[in-house]
Amino acid sequence: MPTVFVHGHPETAAVWDPLLAELERIAPARPGPICLSPPGFGAPVPRGFGAAVGDYRDWLIGELERFTEPVDLVGHDWGGAHTLNAVMARPDLVRSWVSDVIGLFDPDYVWHEFAQRQQKPESAVPDPAIPFGADLAARVSKLVGLGMSEPVARRVAEGQDEAMGRAAHALYRSAAQPVMAELGRNLERAAQRPGLALLATEDRMVGTLAQRCRAAQRAGARTVTLDGLGHWWMTQDPGRGARVLTEFWHAPDRPRAR
């Protein structure tokens, strides 16, 4: 069964490296994982690509259609939003799904400060709070300050460029509320496939615990709390993340909540 990982902003697929190493260690018999990089986030931006929420949903659906069988899909940050949007539209393409940002689809979700600055009508360029210039050390320092482990931050920073900033700017602007709330009206469609909502307790960007749990219930997903971990849980404690995912994949249809 193919396992597919999709990352978000301001990342490249390198953000998964520690987790994938742990998965290989504890489940060596499982087929090798496949990392899909959204356009602009470690992959070229095709000519005419709009970089809006719907564009990324359609991109991911197109990638999943290339597989000969349904996949186990794992999404983080914006990749977690793309995952849910794709599953709501085409549940037949997955065997199971995992997302750590399900709270974004709750009707009461309020975007974090960084997103809100990008979504202001007068915002014409990417927010400088995330540096995409030539200073690699500054980019690494910013990622570490936000909670990413230093070795991974260095690998991710090497793939950051101005195209990523432009893609993120367009993506955030396309998702200003009530866009996410309206997309969340279809959350029940995600229940057609077994789902897992990861709840990192120190992640302050993806909604309150109540919002995340409410959205997970509507999507028919079980929940696992990653106590003490933040937005980049997969770099902070990859062993715990690998165990949670492996347990879910071994019996995705078995109801469980934590």
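Which residues does threonine 3 touch, not counting residues up to four places away in sequence? Select threonine 3 and look around: Arg30, Pro33, Ile34, Asp72 and Trp249 are its partners, where contact means heavy atoms within 4.5 Å.

Before going on, a word about what is on screen. This is a predicted model, in which local features need pLDDT of at least 70 and side-chain atom pairs count only at pLDDT 80 or more, while totals for chains, interfaces and linings use all residues. Residues are numbered from 1 along each chain as its sequence is written, and side-chain values use heavy atoms, leaving out hydrogens and water.

**Stop 1: threonine 3**

Keep threonine 3 selected. It belongs to strand β1; helices (H or I, at least four residues) and strands (E, at least two) are DSSP runs, numbered from the N terminus. At 2% relative accessibility, threonine 3 counts as buried. Buried means under 20% relative accessible area, exposed over 50%, and partly exposed in between (1.4 Å probe, protein chains only).

**Stop 2: two cis peptide bonds**

Most residues other than glycine have a negative phi, and most peptide bonds are trans. For an exception, select histidine 9 and proline 10: the peptide bond between them is cis, with omega near -5°. Proline 10 sits in the loop that joins β1 (3-6) to α1 (17-26).

Next, select glutamine 177 and proline 178. Their peptide bond is also cis, with omega near 20°, and proline 178 is in the loop between α7 (162-174) and α8 (179-183).

**Stop 3: two positive phi angles**

Go to alanine 51, in the loop from β2 (34-36) to α2 (53-64). Its phi is positive, about 60°, although it is not a glycine. Is alanine 51 buried or exposed? It is buried, with a relative accessible area of 7%.

Aspartate 77 comes next, in the loop between β3 (71-75) and α3 (78-89). Phi of aspartate 77 is near 55°, again a positive value in a residue other than glycine. With 10% relative accessibility, aspartate 77 counts as buried.

**Stop 4: serine 99**

Move to strand β4 (residues 94-99), where you will find serine 99. Serine 99 is buried, and its relative accessible area is 0%. Show its neighbours: leaving aside residues up to four places away in sequence, serine 99 touches Gly75, Gly80, Leu84, Leu196, Ala197 and Leu198. For glycine 80, display the backbone oxygen, which lies 3.2 Å from a polar atom of the serine 99 side chain.

**Last stop: the whole chain**

Zoom out and colour by secondary structure to see eleven helices and six strands. The C-alpha atoms fill a box of roughly 45 × 40 × 35 Å along the principal axes. How does the radius of gyration, taken over C-alpha atoms, fit a compact globule, and what is its value? For 258 residues such a globule would have a value near 18 Å, and the chain, with 17 Å, agrees; the globule rule is 2.2 Å times the number of residues to the power 0.38.

Colour by burial next: buried residues make up 53% of the 258 residues. Among contacts with a separation of 6 or more, 76% come from residues 24 or more positions apart.

Notes. Polar contact = N/O pair within 3.5 Å; in protein donor to acceptor, adjacent residues only side chain to side chain.
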